[in-house]
Amino acid sequence: MAAAGGARGSSSSSFQRRPGAGPRPPALPGTRPSLRHGQLLLSSGLPSLDCVLGGGVAVGTLLLIEEDKYGLYSNLLFKYFLAEGIVCGHDLFVASAKEHPDNILKELPAPLLDDTYRKELGDEAAAVKSEDFQDSMKIAWRYQNLPKMETSPTTYTKFGHYYDLSKKMSPELRQSVKCHSFYLHEELSFEPKMKAWNMNSGYARLLQSIQRIISQEGFDGSDPEKKQRNVLRIGIQSLGSVLWGDDVCCSDTPEGPHSLTKFLYVLRGLLRKSLSACIITVPAHLIQNKAIMERVTNLSDMVVGLESFIGSERETNPLYKDYHGLVHVHQIPRLNSLICDVSDMKDLAFRLKRKLFTIERLHLPPDLSDTVSRASKQDLAGSAKLLSSGCGAMAIGKKHLDF
């Protein structure tokens, strides 16, 4: 019996931690592993968008934002992504041909890092919740049991922050991280005729700058002595526009139809082998050749489109009086799995308050009063038919796998 007890005692000791095993390496700031596929995730700066993307933006991936007609709301998502990087202590690389990157950084929203600012935004968030509660008395039954989206700062979390759009980020906070800028007009003034990788000079210069930063700062792991424990956030504004020297927005048969797609192909390869993530805004509504836009979508990991109501019939339509536009999730990446991580969030819309930008579920009324016109009724029928298939239908694909 004693021998048996000793055997049991020795077997239990075999599960103890080995003396030579050291502590786990510290996690990268502002990141967390995905519970579904184990990929390292970053926050986009908008918690409701993180929920739509399946938890956040995976390191080594590319998020493509299809700009709205006037570029107002897509620019907000662009700034959210950069502001989140500064709060998390990530390095930034900002590229633009439209405005100087320094001016973009000066316009970043202020984060809510203390209870005072959180209380200020809480009043507006409470007003949004009050409107949602009133609408919940009128919405159709099919919306009531769907999961809620995180749109207001209810609890503090280390992953993802909230921002006050009515205030600008302090210069001290902006200067606390390393920011690399790329302004096309300044870069082309040095070597205006440079061309590489069989693409226009603007894209070639941009790729060389990104590759240089990734290599010199050690984000690709090429220099083990640096032991880089940080993430590089790359932001490129209005890629494919005329300001970048590309004519895909001017003609159905552009002179360089493959410049944009070649740039994305090389950029995606750089992202895959480095600790970096990228957000790109593209004026998709201006690209004449839809085949080029399809290739751009296929070369991106995540594609989210914004459809603004400004200048359209829906702006004055009472059905959409609580919203400023629709959100279309065209593509979500397949990370370590055969199918993409599609959340249950469909029928998405966004609204912009004075301090808060949120992505919410689109609630349409179940029936219409006599004051609504027949055109509005037809619009509702068409919207209901569209929403029944879901805004993320392109990302879902087939329900079953065919072998």
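**Reading the predicted chain**

Buried residues, those under 20% relative accessible area with a 1.4 Å probe and protein chains only, make up 50% of the 403 residues in the chain. This is a predicted model, where local features need pLDDT of at least 70, side-chain atom pairs count only at pLDDT 80 or more, and totals for chains, interfaces and linings use all residues. Residues are numbered from 1 along each chain as its sequence is written, and side-chain values use heavy atoms, leaving out hydrogens and water.

Q: Why is H185 called partly exposed?
A: Partly exposed lies between the buried limit of under 20% and the exposed limit of over 50%. H185 has a relative accessible area of 42%, so it is partly exposed.

Q: Why is α9 described in relation to α10 as roughly parallel, rather than antiparallel?
A: Angles under 35 degrees count as roughly parallel, over 145 as roughly antiparallel, 65 to 115 as roughly perpendicular and the rest as oblique. The axes of α9 (residues 259–272) and α10 (residues 290–298) cross at roughly 0° and come within 10 Å, which makes the helices roughly parallel.

Q: Which residues of α9 and α10 meet?
A: With contact meaning heavy atoms within 4.5 Å, L260, T261, L264 and R268 in α9 meet R295, V296 and N298 in α10.

Key
Axes fitted to C-alpha atoms, helices over the stretch in contact; angles between N-to-C directions. Helix = DSSP H or I, 4+ residues; strand = E, 2+ residues; numbered from the N terminus.
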